[in-house]
Amino acid sequence: MPAVAPPPLSVDMLVVFGIIALALVLFVWEPVPIDVTAIGVMVALIVLEPWTGVDLAQGLSGFSSSATIAVLGMFVLSEGIRRTGLISVIGREIADRYGNSSFKQLVAVLGLSGGTAGFINNTPVVAVMIPMVSELSDRTGVSPSKLLMPISFAAMMGGMLTLVGTSTNLLASDIYDSMGAEYEAFSMFEFTTLGVIVLIVGCVYLLTVGVRLTPERVLVSEELTEDFEMAEYLTEVVVEEDSQFIGQTVDECLRAVDVDADIVQFIRNKQAFTEPLAHKEIRSGDVLVLRTDRESLVSLIETQGLGLAPDADVAVDDETLAVEGEEREEVESQQLAEVVITPDSSLIGETFETLNFRQRYNATVLAIRRGGQMIHARMDERHLRGGDTLLVQASADTFQQFANDRNFVVAGEFYVPEYRRSKLPIALGIVALVVGLAGAGLAPIAVSALGGVVAMVATGCLRPSEMYDAVDWNVIFLLAGLIPLGIAMEATGGAAFLAGHVVGIAGGLDLLLLLGVLYLLTAVLTNVVSNNASVVLMIPVAVDIAVAVGANPFAFALAVTFAASTAFMTPVGYQTNLMVYGPGGYRFTDFMRVGGPLQLLLTVVTVLGINAIWGVA
């Protein structure tokens with residue numbers, strides 16, 4: 001490996017490195033959403049143009065980038081497929097055919113997740129499969145924890161089958177293409193061969209070693225109330241004649257009391273009333289079912305004229321919240337189910353109080369599971385995060401509304417969104433045409449994707465309002481904000497500076513080893529910050545390293561692309577990991593335990609595959 005002297009450090013480089021350092025801190029700490037940070041990066045680059053070399057046109061170029069437009073189009077196309085129920089149809093078939101064999105069901109769900117993610121955005125794929133896994137677990141007695149993490153990993157690997165598999169692939173192609181006339185954008189199926197190898201090797205690992213390393217955090221035999229450790233938080237009290245609650249509505253009675261409690265249900269004259277409860281007036285003799293802790297319960301009894309109701313014990317199961325003791329009539333059937341907040345939900349950052357959740361959805365949240373952590377106290381004050389799993393009590397109609405809402409995934413029951421199954425062949429034909437036109441080079445992917453969007457709406461696969469709701473605008477603004485950062489790194493020589501020092505530190509490493517180090521460096525960075533941010537930072541550096549050592553720039557850019565799309569080691573490294581984090585009851589370290597060896601295995605497989613197919617030198 002020839003020695004390469006990096007360009008001298010300049011003020012311009014220091015300014016860009018300072019912006020990058022601040023952005024990385026904000027990405028990890030996340031005091032504001034990462035897309036807001038990305039827009040802040042774009043503004044800083046434009047304002048500091050004398051040092052960054054990014055003028056107004058270049059700073060705004062991310063919004064007109066072919067990658068941004070193509071990603072936007074693919075979001076809409078994926079929603080068109082989701083709305084017609086493709087994954088649900090296949091999922092039902094898997095449940096019927098393989099529901100009695102734990103090994104066969106694992107093979108089937110890995111194939112479904114990995115195989116479809118190359119053509120459909122992997123987030124809706126995993127969203128549909130979460131409730132399907134619940135049904136499979138009930139049939140076989142296998143913990144959903146044994147299936148959910150492998151599904152997420154397979155979806156990530158499946159995204160590497162085609163150019164449109166992930167937004168990261170499209171962004172990497174765009175950045176590589178913009179680095180000079182000698183570099184060309186990736187074609188639709190350019191790395192499909194390597195993607196198939198990675199998917200097969202990864203799935204074999206998950207079926208052999210991975211299945212033994214994946215823990216059983218959620219037990220199938222447990223009721224949801226046991227799973228969410230609710231035994232100490234559900235209590236019955238009776239409203240005594242001198243109670244302060246008498247004459248007040250359910251919504252009013254707890255507002256003036258500084259305690260952490262919710263009225264889940266109340267019983268009057270042998271009738272059990274559940275949601276909606278807000279406007280029901282409390283009377284003497286009513287029995288209230290409270291979700292509260294011991295300290296708050298004591299406070300309510302002492303100050304509000306309530307007493308324990310010892311003759312009726314609360315018993316909650318997966319089907320109905322019922323009160324045992326005297327024979328009582330259910331006014332409306334209530335159920336318990338897990339509801340997951342999706343990573344791109346508009347509810348993230350809100351609280352149940354600011355959302356007016358109970359009245360808005362006619363549903364009561366009994367607990368929150370955030371990874372392996374159970375939250376029962378002060379839930380109204382908790383800011384919601386992507387991946388939070390809520391234990392919700394509501395009617396079947398309400399859960400159906402949750403299933404139809406892209407902000408939620410109903411995990412505990414197989415609630416099926418209202419699909420347009422008659423449009424399924426049309427939607428599949430549109431996606432096939434989009435991919436085919438781009439793959440044959442007859443139209444740029446951005447153009448064919450936008451054409452597909454028009455076709456989806458024109459044929460009724462999607463309604464116009466659903467088209468806008470389908471786009472994950474966080475990703476779009478993230479891409480638009482970060483693309484100018486790659487321009488600044490090249491314009492100031494920052495990428496060449498970093499590349500020169502990497503080459504200097506690497507010394508006489510063999511090219512394959514250097515490629516492996518670059519892959520691992522990108523993978524580690526991706527597990528901490530956004531995968532798209534990793535691509536923006538590392539593609540220019542990787543190409544400059546390749547040029548400096550006389551290697552194949554495409555090979556080095558491809559290593560970064562694959563590494564940035566396979567973040568196995570943390571739940572926050574990729575959206576699908578975050579989606580299964582709560583329903584699987586995983587601990588943060590579980591991802592390192594299962595994903596760490598897979599990350600090392602794919603480092604070897606990807607590097608050797610790149611060398612065998614394209615050559616490193």
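Visitor: Leaving aside its neighbours within four places in sequence, with which residues is Val109 in contact?

Guide: Contact means heavy atoms within 4.5 Å, and in this predicted model Val109 is in contact with Ile94, Met129, Met132, Leu136, Leu147 and Ile151 once neighbours within four places in sequence are set aside. Because the model is predicted, local features need pLDDT of at least 70 and side-chain atom pairs count only at pLDDT 80 or more, while totals for chains, interfaces and linings use all residues. Residues are numbered from 1 along each chain as its sequence is written, and side-chain values use heavy atoms, with hydrogens and water left out.

Visitor: Which residues have the most contacts inside the largest nonpolar core?

Guide: A nonpolar core is a set of buried Ala, Val, Leu, Ile, Met, Phe, Trp, Tyr and Cys residues joined through side-chain atoms within 4.5 Å, where buried means under 20% relative accessible area, exposed over 50% and partly exposed in between (1.4 Å probe, protein chains only). The largest one here has 148 residues, and Val109, Phe153, Ile539 and Phe556 have the most contacts inside it. Helix 25 (residues 531-549) gives the most to this core, with 13 residues; helices are DSSP runs (H or I, at least four residues) numbered from the N terminus. A second, separate core of 22 residues includes Val339, Ile341, Ala394 and Phe399.

Visitor: Where does the kink in helix 28 lie?

Guide: A bend is the angle between axes fitted to the seven residues ending at a residue and the seven starting there, and in helix 28 a kink of about 40° lies at Gly595, shortly before Pro597. Just after helix 28, Gly615 takes a positive phi of about 85°.

Notes. Helices (H or I, at least four residues) and strands (E, at least two) are DSSP runs, numbered from the N terminus.
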